[in-house]
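I opened this structure to look up a few things about its rings and helices. My notes follow, one topic at a time.

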Amino acid sequence: MSAALRGTIDLARAGGLRDPALVEALWNCFESFRPSSARSINLVKDLHDAVVTVKDPSWGPKAMELLKLPIADPSDSALVMDQLEFHQLTSAQLLRELAPAGAATVLVTALLTPQKRDLYPVLRGALVVRSRESEIALLAAMNGTDRTLGALYLAYPEGQGLSRIAESLVYVAGPDARGLLLQRLAAARDDATRTVVASALVHLPKSDARRAAMLAAYRKVSPSVTVLVTEHLAPQGDAAAADKLDRIIASDKASGDMQLRMTDDVLGRTADMLHARTTTQ
């Protein structure tokens, strides 16, 4: 079987795969295949590679249906291997390449499904290639204008729905969405959300508003996560941010609060890097 799959890959790469029956047979093989029962990892790899190489447009809706399926029993390692790590991972990769209509909503639904967290990097990559459609779906989840997505957003464990959305939205956000993200960061009530969202902001275009939001987040997070926020400012060579950090350090020193002064060692190093990068640009 591996030889046949490798032959199919070669045929597809050469542009010679035109037989609808072969395309259908390959999908049926993929859909019914169970890696947990396979005797060879090479066979699993060959089948995966054949599917993502052929990537027939007719598979777009089929991949969406596979990705929609819930994980029946997350404690069943064989089922997780078959359904999540093989069928749904490959389906998300196909959606990145094929971009069928409506795929963004399916991708965001998976993004907000905790049992599918292992797919997050692939889902994010698939969302980025369809920026406008993805921005609409991500905002619909965050604002609740899509009831199903909004419910998943609100139900995400530990209130981390904003973190999941922000990590993808920063790559596709237009001006209005960027402003909304900054507002939601300012309103965040826990350090985990502040840290994840503030760290994600580094992917937005550099602006005074973005800098202010990241610095404001620093003042709210606990000392143990301060570095995760401030280290993202350092590569930017931002003189204004460096000056702001200097003023924070001076204020903390004057306050006499030893805990703040201890965490300001991190800020001091960040400020030094910012000043150095600014002077060398």
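**Aromatic pairs**

I then picked out Trp27 and Trp59, whose ring centres are 5.4 Å apart. Their planes make 40 degrees, and the pair is classed as tilted. I noted that this model is a predicted one.

Where do Trp27 and Trp59 sit in the chain? I found Trp27 in helix α2, which covers residues 20-32. Trp59 is in the loop between α3 and α4. The two are 32 residues apart, and the pair links distant parts of the chain.

Next I asked whether each is buried or exposed. Buried means under 20% relative accessible area. Trp27 has 1% relative accessibility, so I count Trp27 as buried. Trp59 has 0%, so Trp59 is buried too.

**Helices α3 and α5**

Phe86 also turned up in my next search, as a residue of α5 that meets α3. How do α3 and α5 pack? Helix α3 spans residues 41-54. I read an angle of about 25 degrees between α3 and α5, with their axes 10 Å apart. Angles under 35 degrees count as roughly parallel, and α3 and α5 are therefore roughly parallel to each other. Their crossing is right-handed.

I listed the residues that meet. From α3 come Val44, Leu47, His48, Val51 and Val52. From α5 come Phe86, Thr90, Gln93 and Leu94. I sorted this contact by class and got six nonpolar residues, three polar ones and no charged ones.

An α-helix has 3.6 residues a turn, so residues three or four places apart point the same way.

**Helix α6**

I turned to α6, residues 103-111.

**Ala216**

Last, I looked up Ala216, which lies in helix α13, residues 208-220. Ala216 has 37% relative accessibility, so I count Ala216 as partly exposed. I also checked Ala216 against Leu185. They are 31 residues apart in sequence and 9.3 Å apart in space, C-alpha to C-alpha.

Notes
Residues numbered from 1 in each chain as written. Predicted model: local features only at pLDDT ≥ 70, side-chain atom pairs only at ≥ 80, totals over all residues. Heavy atoms only, no water. Buried < 20%, exposed > 50% of the residue type's maximum accessible area, 1.4 Å probe, protein only. Helix = DSSP H or I, 4+ residues; strand = E, 2+ residues; numbered from the N terminus. Axes fitted to C-alpha atoms, helices over the stretch in contact; angles between N-to-C directions. Parallel < 35°, antiparallel > 145°, perpendicular 65-115°, else oblique. Left-handed = near helix turned anticlockwise from the far one by under 90°. Contact = heavy atoms within 4.5 Å. Nonpolar A, V, L, I, M, F, W, Y, C, P; charged D, E, K, R; others polar. Phe/Tyr/Trp six-rings, centres within 6.5 Å; stacked < 30°, edge-to-face > 60°.
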